[in-house]
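Hello,

Here is the structure I promised to pass on. Please open it first, then read the notes below.

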Amino acid sequence: MKIPLHPAQAAFRHAPALYRGFVGGRGCGKSYVGAYDLIRRAKPNRLYMVAAPTYPMLRDSSLRTFEAIAGRLRFLREIAKGEMIATLGNGAQVLF
């Protein structure tokens, strides 16, 4: 399943650099493309981390967006909201 991306998001998503950043204002889709990119790049049984400046931002934006996209892709095995850990279909775990 493909997720629609804005051209700037697609450029970020397909950039070959290991360390990349997507800079934009409120509502430009930073959490959206970041979650999608992580889900697509996650290697089996590896550990990843998603960080945000504050806990409410992490919970209300990053985690919520990640859960929605992973669910839409049918690639979310489990999410432990109390521990803020998501497990993807390939066994990769994401700490929030």
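Leaving aside its neighbours within four places in sequence, which residues is Ser62 in contact with? Ser31, Val50, Ala52, Met57 and Phe96. Keep in mind that this is a predicted model.

Ser62 belongs to helix H3. Its relative accessibility is 14%, below the 20% cut-off, so Ser62 counts as buried.

**The helix pair**

Ser62 also takes part in the contact of H3 with H2. On the H2 side are Ser31, Tyr32, Ala35, Tyr36, Leu38 and Ile39. They meet Ser61, Ser62, Thr65, Phe66, Ile69, Ala70 and Arg72 in H3. By type, the residues of this contact divide into eight nonpolar, four polar and one charged.

Now the geometry. Two packed helices are described by the angle between their axes and the distance between the axes. Helix H2 covers residues 30-41. The angle between H2 and H3 is about 50°, and their axes are 9 Å apart. H2 is therefore oblique to H3. The crossing of the two is right-handed.

**The sheet**

How many strands form the open sheet, and in what order? There are four, in the order E1-E4-E3-E2, with mixed pairing. Strand E1 (47-49) and strand E2 (76-80) stand at the edges. Each has a single partner strand, so one side of each is left without a neighbour in the sheet. From one strand to the next, the twist averages 20°.

Helix H3 spans residues 55-72 and packs on this sheet. H3 touches E2, E3 and E4. The direction of H3 makes about 155° with that of E2.

Next, the pairings. E2 and E3 run antiparallel and are joined by four bridges. They form a hairpin, with four residues between the strands. In that turn, Met84 has a positive phi of about 60°. E3 (residues 85-88) also pairs with E4 (residues 93-95), in the antiparallel sense, over three bridges.

Look at Ile85 in E3. Ala80 stands opposite Ile85. In E4, the bridge partner of Ile85 is Leu95.

Leu73 lies in the loop between H3 and E2. Leu73 and Met1 are 72 residues apart along the chain, yet their C-alpha atoms are separated by 6.4 Å. Leu73 touches Met1, and also Ile3, Tyr36 and Ile39, not counting residues up to four places away in sequence. Tyr36 and Ile39 are among the H2 residues that meet H3.

**Around H1**

Is Arg13 buried or exposed? Arg13 is in helix H1 (residues 7-13). At 11% relative accessibility, Arg13 counts as buried. Setting aside residues up to four places away in sequence, Arg13 touches Leu5, Arg20, Tyr36, Asp37, Arg40 and Arg41.

His14 lies in the loop between H1 and H2. With 62% relative accessibility, His14 counts as exposed, whereas Arg13 counts as buried.

Best wishes

Key
Residues are numbered from 1 along each chain as its sequence is written. This is a predicted model: local features need pLDDT of at least 70, side-chain atom pairs count only at pLDDT 80 or more; totals for chains, interfaces and linings use all residues. Side-chain values use heavy atoms; hydrogens and water are left out. Two strands pair if DSSP finds at least two bridges between them. Axes are lines fitted to C-alpha atoms, for helices over the stretch in contact, and angles run from 0 to 180 degrees between N-to-C directions. Contact means heavy atoms within 4.5 Å. Buried means under 20% relative accessible area, exposed over 50%, partly exposed in between (1.4 Å probe, protein chains only). Angles under 35 degrees count as roughly parallel, over 145 as roughly antiparallel, 65 to 115 as roughly perpendicular and the rest as oblique. A crossing is left-handed if the near helix is turned anticlockwise from the far one by less than a right angle, and right-handed if clockwise. Ala, Val, Leu, Ile, Met, Phe, Trp, Tyr, Cys and Pro count as nonpolar, Asp, Glu, Lys and Arg as charged, and the others, Gly among them, as polar.
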